[in-house]
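Trainee: I would like to learn how to read a fold, feature by feature. Could you take me through one?

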There are 2 protein chains.
Amino acid sequence: MKKKIRVVQYGIGPIGAAIVRLMREKPSIEIVGAIDRDPAKAGRDLGELVGARDAPWGIAVSARHPGVLDGRVDAVVHTTSSDLAKVENELMACISAGTCVVSTCEELSYPFRKYPEISERLDTAAKAEGVALVGTGVNPGFVMDKLVLVLSAAAQRVDHAKAVRVVDASKRRLPLQKKIGAGMTPEQFREQASAGIIKHHGLPESAAMVADGLGFDLDDITEKIEPVIATEPVKTPFLEIARGQVAGVHQIARGSYRGEEKVYLELQMYVGAKQPADTVELRGEPPLSLVIPGGTHGDSATAAIAVNAIPAILAAPAGLRTVRDLPMVYFSPGH
Amino acid sequence: MKKKIRVVQYGIGPIGAAIVRLMREKPSIEIVGAIDRDPAKAGRDLGELVGARDAPWGIAVSARHPGVLDGRVDAVVHTTSSDLAKVENELMACISAGTCVVSTCEELSYPFRKYPEISERLDTAAKAEGVALVGTGVNPGFVMDKLVLVLSAAAQRVDHAKAVRVVDASKRRLPLQKKIGAGMTPEQFREQASAGIIKHHGLPESAAMVADGLGFDLDDITEKIEPVIATEPVKTPFLEIARGQVAGVHQIARGSYRGEEKVYLELQMYVGAKQPADTVELRGEPPLSLVIPGGTHGDSATAAIAVNAIPAILAAPAGLRTVRDLPMVYFSPGH
């Protein structure tokens, strides 16, 4: 029998838990450990913590690395924060232990522009240890960057790239609905957006990846965030939103060169969105577009992509990778 | 300045000519030679042959390999035939000269099932010479196989994969309209289809690639081809088709395991097709679909994909590759 891939889950929030449940179903994966710094989780059984029917699994969640991360671990799935500066030492601990890493840290997906020094340190350390790491999920990592590049293969020339993601947050979990400001007044929203509390991470990273791939020499990436105001009352299993209250976020990133827009990324994530979809449009020769009707479900797709990326990161050349230079990621039941 | 990629074009039919014109625009590519066995083409200037405005280029088309294929050539773009058995020695000549190959030979896209021995020979020779080769184009190589696998990355489970390509052949060149039987009687069509003259190549190859990728253990791949009958008169710049005559082909490949269908690929290519599109549907958890409205233009997209695949084949590990294990292919202007 083929040797199983030994994986540690680092971070047991909602996405981490979804990843753990999915990995548990994969015959090719053995979950050998779990880390979460939250004292309320440390010591608990991982199966129980993620609500598995076959719990307990006999795998205790640990608050610390030692004894969990070691040379016998093949890969870590890391899901603790969007903020690369905050997680650099967590990623370094994985690399030092000689394990590959798939992380959902949005800023890791294409960190070269915002964090050139951290990128350099991670890449150097990973190459020295002979391991690879990548940041990916559904967004960034799939609908607004990878799909744009994949579609561009059929183009003789690309002049401008656009990706629009419309998500109906009604079907998402409460923390997400709160994260996008659903139910707030427009004033509360603007305050929290200014403070960086309400924000989807990853648009500038996707814009930079697309631009570098398509050879657009951006001199500016701007980002703006606005509330989507409910024009009629909306009710979710968790919240009721009155007319005039905030239903969610509308976020736009633009990459341009000498004032000319080259990349346009738009995210609408709000409760009650009528036509959720992921759309890519390439202007050029020929013009090309691609639609995922209904869109990809954020949590479910991010969990799938993170798990499906494990064989790719194990096969990748050592270093800091991106989905642009990772071997192809696809579903496989055995894995 | 970065060294240019030195490329030879092998086969100057309509697709080969489109590839040559596209490569001519790429600052990173230098076309250093061209091969075509047709005595009517040999000796002619490549630029003139492909209708370039800046012809002549001072590159003569050669009928033979010697003097064209040598160690100074980085890659060959090969576009001579759909039939792998017919082109094995052409591919071997490229490999022996130490060049990588991107070929539009449909049967090369995933040759392991139909031609295990040729696959083995090509792989062994390519590894011995330290070069890589791949068969790709828009179909096979993109819409019915690669896009299926790319989309599956967002799936937690895939039970069945379907791809449907609807092409309006009105906008395509005359040889293609004839190749799909447009203007024939249904009897003529069936005769030519039985003789293998009317046939799109590549569906079983795409089915096998998708199945192997998604871990479906197919025990059978079937293929059928039927005429699309014109229900009203259709006129193209080349042909007039009366009601009751053939407008084009309808071809279906099915991959199954113990009688259960796992992969369904359908190609409709006929003059007057109303809603051209490329569509992928995955049944599973969650169900996922993807649409390219209007579809990808066969000739233009195949030329783009072949040229865009050159950096990927140069970066690929030595051996016989497929689009499943090729580094990501995307448009880049510099290249």
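Trainee: Which residue is the bridge partner of Thr222(B) in strand 11 of chain B?

Mentor: First, the ground rules. This is a predicted model, where local features need pLDDT of at least 70, side-chain atom pairs count only at pLDDT 80 or more, and totals for chains, interfaces and linings use all residues. Residues are numbered from 1 along each chain as its sequence is written, and chains are lettered from A and ligands numbered from 1 in the order in which they are written.

Mentor: Now the general idea. Strands of a sheet pair through backbone hydrogen bonds, either parallel or antiparallel. Here, two strands pair if DSSP finds at least two bridges between them. Helices (H or I, at least four residues) and strands (E, at least two) are DSSP runs, numbered from the N terminus. Your case: Thr222(B) has Arg254(B) as its bridge partner in strand 11 of chain B. Strand 8 (residues 220-229) and strand 11 (residues 246-257) of chain B pair antiparallel, over 10 bridges.

Trainee: How many bridges join strand 11 of chain B to strand 12 of chain B?

Mentor: There are 10 bridges, and these strands run antiparallel. Strand 12 covers residues 260-270. In it, Tyr270(B) stands opposite Gly248(B). The hairpin of strand 11 and strand 12 of chain B has 2 residues between the strands.

Trainee: What phi does Arg258(B) have?

Mentor: Start with the background. Most residues other than glycine have a negative phi, and most peptide bonds are trans. Arg258(B) has a positive phi of about 50 degrees, although it is not a glycine. Arg258(B) lies in the loop between strand 11 and strand 12 of chain B. In chain A, phi of Arg258(A) is near 45 degrees, also a positive value. Arg258(A) sits in the loop between strand 11 (246-257) and strand 12 (260-270) of chain A.

Trainee: Is Arg258(B) buried or exposed?

Mentor: Count C-beta atoms, placed from the backbone. A residue is buried if 20 or more others lie within 10 Å of its own, exposed if 12 or fewer, and partly exposed in between. Arg258(B) is exposed, with 9 other C-beta atoms within 10 Å. Arg258(A) is exposed, with 9 others within 10 Å.

Trainee: Where is the cis peptide bond in chain B?

Mentor: A cis bond joins Ala55(B) and Pro56(B), with omega about 0 degrees. Pro56(B) is in the loop between helix 2 (46-49) and strand 3 of chain B. In chain A, a cis bond joins Ala55(A) and Pro56(A), and omega is about 0 degrees. Pro56(A) is in the loop between helix 2 and strand 3 of chain A.

Trainee: In what order do the 7 strands of the open sheet in chain B come?

Mentor: The order is 3-2-1-4-5-6-15, and the pairing is parallel. The edges are strand 3 (61-62) and strand 15 (319-321) of chain B, each pairing on one side only. Strand 6 (residues 132-135) of chain B joins strand 15 of chain B through 3 bridges. One pair there is Val134(B) with Arg321(B).

Trainee: What does helix 3 of chain B lie across?

Mentor: Helix 3 (residues 84-96) lies across strand 1 (5-10), strand 4 (75-78), strand 5 (100-103) and strand 6 of chain B. Helix 3 of chain B runs at about 170 degrees to strand 4 of chain B. Axes are lines fitted to C-alpha atoms, for helices over the stretch in contact, and angles run from 0 to 180 degrees between N-to-C directions.

Trainee: Which residues have the most contacts inside the largest nonpolar core?

Mentor: In soluble globular proteins, nonpolar side chains tend to be buried together. A nonpolar core is a set of buried Ala, Val, Leu, Ile, Met, Phe, Trp, Tyr and Cys residues joined through C-beta atoms within 7 Å. The largest has 233 residues, and Leu133(A) and Leu133(B) have the most contacts inside it. Leu133(B) touches residues including Leu91(B), Ile95(B), Val101(B) and Leu320(B).

Trainee: How many residues of chain B are in contact with chain A?

Mentor: Two residues are in contact if their C-beta atoms, placed from the backbone, lie within 7 Å. By that test, 39 residues of chain B are in contact with 39 residues of chain A. Helix 5 (146-152), helix 8 (203-214), strand 14 (288-293) and helix 9 (298-308) of chain B each supply at least two residues of that side of chain B.

How values were computed:
Lists of a residue's contacts leave out its neighbours within four places in sequence.
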